[in-house]
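Visitor: Could you walk me through this one while I have it open? I'll jump around a bit.

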Amino acid sequence: MQMRIGIIGLGYVGLTLAITAAEHGVDVYGVEISEHIKSCLRENRAHFFEPGLDRLIARQNGRNFHCVESFPQDKGFDAFVITVGTPLLAGGG
Ligand SMILES: NC(=O)c1ccc[n+]([C@@H]2O[C@H](COP(=O)([O-])OP(=O)(O)OC[C@H]3O[C@@H](n4cnc5c(N)ncnc54)[C@H](O)[C@@H]3O)[C@@H](O)[C@H]2O)c1
C-alpha cells in the first residue's frame with residue numbers, strides 16, 4: 001500500500017522533502033499559509049531556486065504531491081512532518 005504523509009509548511013525544507021518523497025512514490029499532502037508559495041506551486045515552480053526542483057514539481061503536482069488547504073479527513077496518514085519556521089527571537093526574528 002502506498003505510504004501517505006502530510007507536511008505542514010512548504011518552505012525550503014518542507015517543499016524539497018515533499019517533492020523528493022513524492023518522487024519516491026509517497027503520496028504527499030502539503031499545507032502552506034503563504035499565498036505567494038501556493039501561487040508559485042500552481043505554476044509548477046518553487047518560490048526559490050534549487051537545481052532540478054521545478055522539473056520535479058511539474059512531474060509530481062497532482063500526481064503524488066498535492067498542495068491543499070487542509071488535510072483530507074477521509075484518508076489515513078502514516079506520518080505528519082512539521083516544517084514551519086522556528087524564530088530565534090521573541091519578536092519573530
Ligand atoms: N533551511 C535549512 O537549511 C534548515 C536547516 C536545518 C533546520 N531547519 C529548520 O527547518 C524548519 C523549516 O525551515 P525552512 O528553511 O524550510 O523555513 P521556511 O521559512 O522556508 O519554511 C517554513 C514555511 O512554513 C510556513 N508556515 C508557517 N506557519 C504555517 C502554518 N501554520 N501552516 C502551514 N504553513 C506554515 C511558512 O509560510 C513557510 O513557507 C525550521 O524549523 C528551521 O529551523 C532548516
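Visitor: Where does Asp 78 sit?
Guide: Asp 78 is found in the loop between β3 and β4, the latter spanning residues 79–82; please keep in mind throughout that this is a predicted model.

Visitor: Buried or exposed, that Asp 78?
Guide: Asp 78 has a relative accessible area of 51%, and because exposed means over 50%, Asp 78 counts as exposed.

Visitor: And what does Asp 78 touch?
Guide: Not counting residues up to four places away in sequence, Asp 78 touches Gln 2, Met 3 and Arg 4. Asp 78 and Ile 5 are 73 residues apart in sequence, yet 5.7 Å apart in space, C-alpha to C-alpha.

Visitor: OK, switching to α1. How many residues does α1 have, and what does it reach end to end?
Guide: Helix α1 covers residues 12–23, which is 12 residues, and from its first C-alpha to its last it reaches 17 Å, close to the 16 Å expected at 1.5 Å a residue.

Visitor: Which residues of α1 are buried?
Guide: The buried residues of α1 are Gly 14, Leu 15, Ala 18, Ile 19, Ala 21 and Ala 22. Looking down the axis of α1, these buried residues fall within an arc of 160°, so they line one face of the helix. On the other side of α1, Tyr 12 and Val 13 are exposed.

Visitor: What about just after α1?
Guide: There, Gly 25 takes a positive phi of about 95°.

Visitor: Back to Gly 14, what is in contact with it?
Guide: Leaving aside neighbours within four places in sequence, Gly 14 is in contact with Ile 7, Gly 9 and Thr 83. The C-alpha atoms of Gly 14 and Glu 50, which are 36 residues apart along the chain, are separated by 13 Å.

Visitor: Now the ligand. Which residues come nearest?
Guide: Of the 13 residues around the ligand, Tyr 12, Val 13, Glu 32, Val 84 and Thr 86 come nearest. Tyr 12 and Val 13 are the residues of α1 already mentioned as exposed.

Visitor: Which polar atom of Glu 32 is involved, and how far is it from the ligand?
Guide: A polar side-chain atom of Glu 32 lies 2.5 Å from an oxygen atom of the ligand. For Val 13 a polar backbone atom takes part instead, at 2.8 Å from an oxygen atom of the ligand, and a polar backbone atom of Val 84 is 3.2 Å from a ligand oxygen atom. The protein covers 54% of the 830 Å² of accessible area that the ligand has on its own.

Visitor: Last topic: where is Gln 60, and what is in contact with it?
Guide: Gln 60 has its place in helix α3 and is buried, with a relative accessible area of 3%. Leaving aside neighbours within four places in sequence, Gln 60 is in contact with Ala 22, Glu 23 and Phe 65, and Ala 22 is one of the buried residues of α1.

Visitor: And His 66, buried or exposed?
Guide: His 66, found in strand β3, has a relative accessible area of 17%, and because buried means under 20%, His 66 counts as buried. Not counting residues up to four places away in sequence, His 66 touches Asp 27, Val 28, Tyr 29 and Gly 30.

Terms used:
Residues numbered from 1 in each chain as written. Predicted model: local features only at pLDDT ≥ 70, side-chain atom pairs only at ≥ 80, totals over all residues. Heavy atoms only, no water. Helix = DSSP H or I, 4+ residues; strand = E, 2+ residues; numbered from the N terminus. Expected span 1.5 Å × (residues − 1). Buried < 20%, exposed > 50% of the residue type's maximum accessible area, 1.4 Å probe, protein only. Arc of directions from axis to C-beta. Near = heavy atom within 4 Å. Polar contact = N/O pair within 3.5 Å; in protein donor to acceptor, adjacent residues only side chain to side chain. Areas by Shrake-Rupley, 256 points an atom, 1.4 Å probe, with all protein chains shown as cover. Contact = heavy atoms within 4.5 Å.
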